[in-house]
Amino acid sequence: KLPLGTLTVTVHNASGLLAAPSTENSLLSAVGYKTLTDDPFVKLTLREDLARTLERSHLSAAEEEEAKTRVVKGTLDPVFEETFQMSVFSKTTSLEVRVFNSSYFHSAENHYDFLGYAEVNLDAFFTSKPEAIDQRSYLLGCDTSHNKTHVTGQVQLSCQFESHEKSSIEVTIEGGSEIKCRPTSQLICIGQLGKQKEQTNTASADNGYPQWGEQLVLDFEESRLSETVLSIDVMERVHAVPNARTRTSSNNIGGFIIPLSEIYAAQEEHDRSLAMDKMPQESCLNGTRTLEFG
C-alpha cells in the first residue's frame, strides 16, 4: 500500500514535566513530586483510527510509523529541535506524542517511565486548502486511577504535510479569434501545470480564427496548489525544407498564466465554473480565448 503523503514533524521542546502516576513510582507521583533523575525523550507514533483498525481486524506494520528523539539528560525542560519524516497511509490517522523518562524502566511492563501523552489531529491536512501547523504547544496528560486528566507538562511541535495524491484539472480548448499569425498557419495550444505539459492537435489558423475543441487533462499535487500556475500558450508550427530534409519548429504566438488557487476559488464561488470575465486581464494571447475549467 502506497502512502498518501509525508508528515514532517519537528519536536521543539517540552517543559514543566512531572512524573506521571504509576505503580512503581507511586510515592513520588501521588504528591506531584518531580523525579529524582530527569532524562526525558519523546516518542511519536502515527496511528490509524481505532474503529477503522478494528473493522479491518489488523494493522500492518508498514502503516504504523514511529520515531523518537534523543534523550536529554538532567532536565524537566528539554530542548530537542529534531525533525522527522513519517509516511501517512490513511486519512483517519492521528499523531500520538508520548514523553518518557529513560532513567526509569518498568521491567514488568517493558517500557520507560511514562511522563505524558498528547494527540495531534491531522484532519486539517486533508482539506482542499491544507495548512501547516506552526510551532504549537500541546498539554501532556495521563489517566489517573480516578479517571481524570492529570496535566504533566507540555510539548511544542510543528507539523507539515506533503500529499502524494494527485488531482487533475480538465481544460477545454475551444478556439480563438483575431489571433495574429499567417492566415494559413498551423496552430497548437500547449497547456502546462507544474512540470506536466499537454498539447492539442494542430488546427488551421483560418485567418486568425482557429478551432480546436479539445480537452487537456493536467495533474497536480494538492499540497502544491497554492504555488502551482496553469499556463496556456499558442504555438505556430513552422516548416522549413533545408537540404531536402523537412524540419518543423514552433513560434510562440502568445499565452497567459492563471494561478491554480484562483481557479479553485472561482470554481467554489461560481459552481465550479470560471467565466471569461473572471480571467486575468493582463493575459496576452494576441486574440481572445475560450476556456472551460471543470
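**Notebook: salt bridges, cysteines and cores in a predicted model**

I began with Lys43, which forms a salt bridge with Glu66, the closest N and O atoms being 3.8 Å apart; I count a salt bridge when a side-chain nitrogen of Lys or Arg is within 4 Å of a carboxyl oxygen of Asp or Glu. This pair links distant parts of the chain, with Lys43 in strand β2 (residues 40–48) and Glu66 in strand β3 (residues 65–68), 23 residues apart. Strands here are DSSP runs of E with at least two residues, numbered from the N terminus.

I note the source before going on: this is a predicted model, in which local features need pLDDT of at least 70 and side-chain atom pairs count only at pLDDT 80 or more, while totals for chains, interfaces and linings use all residues. Residues are numbered from 1 along each chain as its sequence is written, and side-chain values use heavy atoms, with hydrogens and water left out.

**Exposure of the paired residues**

I looked up accessibility next, taking buried as under 20% relative accessible area, exposed as over 50% and partly exposed as in between (1.4 Å probe, protein chains only). Lys43 counts as partly exposed because its relative accessibility is 28%, and Glu66 is also partly exposed, at 45%.

**The other salt bridges I checked**

Glu96 and Arg47 meet through their side chains at 3.0 Å, N to O. Glu96 is buried, with a relative accessible area of 9%, whereas Arg47 is partly exposed at 26%. I also find Arg47, Glu96 and Arg98 linked in a network of salt bridges.

For Arg70 and Glu82, the side chains meet in a salt bridge of 2.8 Å, N to O. Arg70 sits in the loop between β3 and β4 (79–88), and Glu82 is in strand β4, 12 residues away, so I record the pair as one that links distant parts of the chain. Arg70 is partly exposed, with a relative accessible area of 41%, while Glu82 is buried at 17%.

**Cysteines**

How many disulfides does the structure hold? I find 0, where a disulfide is a pair of cysteine sulfur atoms within 2.5 Å. Cys159 counts as buried at 3% relative accessibility, and Cys181 as partly exposed at 23%.

**Nonpolar cores**

I then turned to the nonpolar cores, each a set of buried Ala, Val, Leu, Ile, Met, Phe, Trp, Tyr and Cys residues joined through side-chain atoms within 4.5 Å. The largest has 30 residues, of which Leu7, Val11, Leu44, Leu95, Val97, Val120 and Val155 touch the most other members. At least two residues of this core come from each of β1 (5–15), β2, β4, β5, β6 (111–121), β7 (133–143) and β8 (149–163). Not counting residues up to four places away in sequence, Val11 touches residues including Val42, Leu44, Phe80, Phe84, Val155 and Leu157, a contact being heavy atoms within 4.5 Å. I also note a second, separate core of 23 residues, which includes Ile179, Leu216, Phe220 and Ile258.

**Confidence**

The mean pLDDT (the predictor's confidence in each residue, from 0 to 100) of the protein chain is 75, and 68% of its residues reach 70 or more. Over residues 144–148 the pLDDT is below 50, and this stretch has 4 contacts in the model beyond near neighbours in sequence. Residues 271–294 also stay under 50, although the model has 69 contacts for them beyond four places in sequence. Where pLDDT is low, the predicted coordinates should not be read in detail.

Key:
Helices (H or I, at least four residues) and strands (E, at least two) are DSSP runs, numbered from the N terminus.
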